[in-house]
Amino acid sequence: MGGVELGTCSNIIRWIFILFNIPILLAGLATLGIGIWQLVVESALEEVLSEDYTSGGALFVASGVLLIALSIIGVIGAFFKWRPVLLLYLAVVFLVIALEIASIAYVFAKADDIDEDQIEQDLIRALRRYYPSQDTANHDEDLNDVVDFIQDSLECCGVTNYTDWALYSPYTMQLGRLPASCCGRDEPAACPVNEASDDGCREAVTEYVQDNLIIGGIIGTVSVVVEFSLLVMSVVLFKAIKNASVLTHAGGDDK
């Protein structure tokens, strides 16, 4: 099946198809890496937020894996001119396009439905549970690590600003200082007020969640356009290989 001879135009389409799948593979690897990092951040947000805004990272990972798989299947099918593999490619692309259209609609709807007031209440609740390590009866190291990770990663401090620590947190009430994460530090040292981040985490978390959902929707939209182009090229290539195979068998029968 891989020995069929294609015409000049069909061969050009075949090599364009192969070359087109190489950047798709690289894009898939990059998307997968971004998705894995986002899952790390989102797993921290899950510990604090009562609403589920953690679909962005999963969509990036899923899109990355699918793009990698599609590019490998496409290159193998086109290079060896294997119709069954190209048929599998067609089926997977069609399924992926359908799933991504549904995901795009979901993430854009979710991006318009972020409850900033609820995020604020969730962050206040987290600050109220943030105790210093000296308070062994109430200290929750996992929660403290999550809050520190959010402040450090998103470069924010407090809910609306750093003064929220004095209002809500037993940590600042007992020790009279800000946590090191307000200054982007990992070590357990005091964070001077004049070095603390000016941005509150309510706005930072809201923007992070909204931006991730919108970016995920945009990437999904671009992916659908690219995948539809690949779908068209793979259909043309599949038909060309099928026709060439028929002609090859016909020529063999004549002999």
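Which side chain meets that of arginine 125 in a salt bridge? Select aspartate 122: the two side chains pair at 2.4 Å, N to O. A salt bridge here is a side-chain nitrogen of Lys or Arg within 4 Å of a carboxyl oxygen of Asp or Glu.

A word on the source. This is a predicted model, where local features need pLDDT of at least 70, side-chain atom pairs count only at pLDDT 80 or more, and totals for chains, interfaces and linings use all residues. Residues are numbered from 1 along each chain as its sequence is written, and side-chain values use heavy atoms, with hydrogens and water left out.

Stay on this pair. Both residues lie in helix α4, 3 residues apart, about one turn of the helix. Helices are DSSP runs (H or I, at least four residues), numbered from the N terminus. Aspartate 122 is buried, at 2% relative accessible area. Arginine 125 is partly exposed, at 39%. The cut-offs: buried is under 20% relative accessible area, exposed over 50%, partly exposed in between (1.4 Å probe, protein chains only).

Next, select arginine 202 and glutamate 120. Their side chains form a salt bridge at 2.6 Å, N to O. Arginine 202 sits in helix α8 and glutamate 120 in helix α4, so the pair ties together parts 82 residues apart in sequence. Glutamate 120 is buried, at 19%; arginine 202 is partly exposed, at 25%.

Notes
Helix = DSSP H or I, 4+ residues; strand = E, 2+ residues; numbered from the N terminus.
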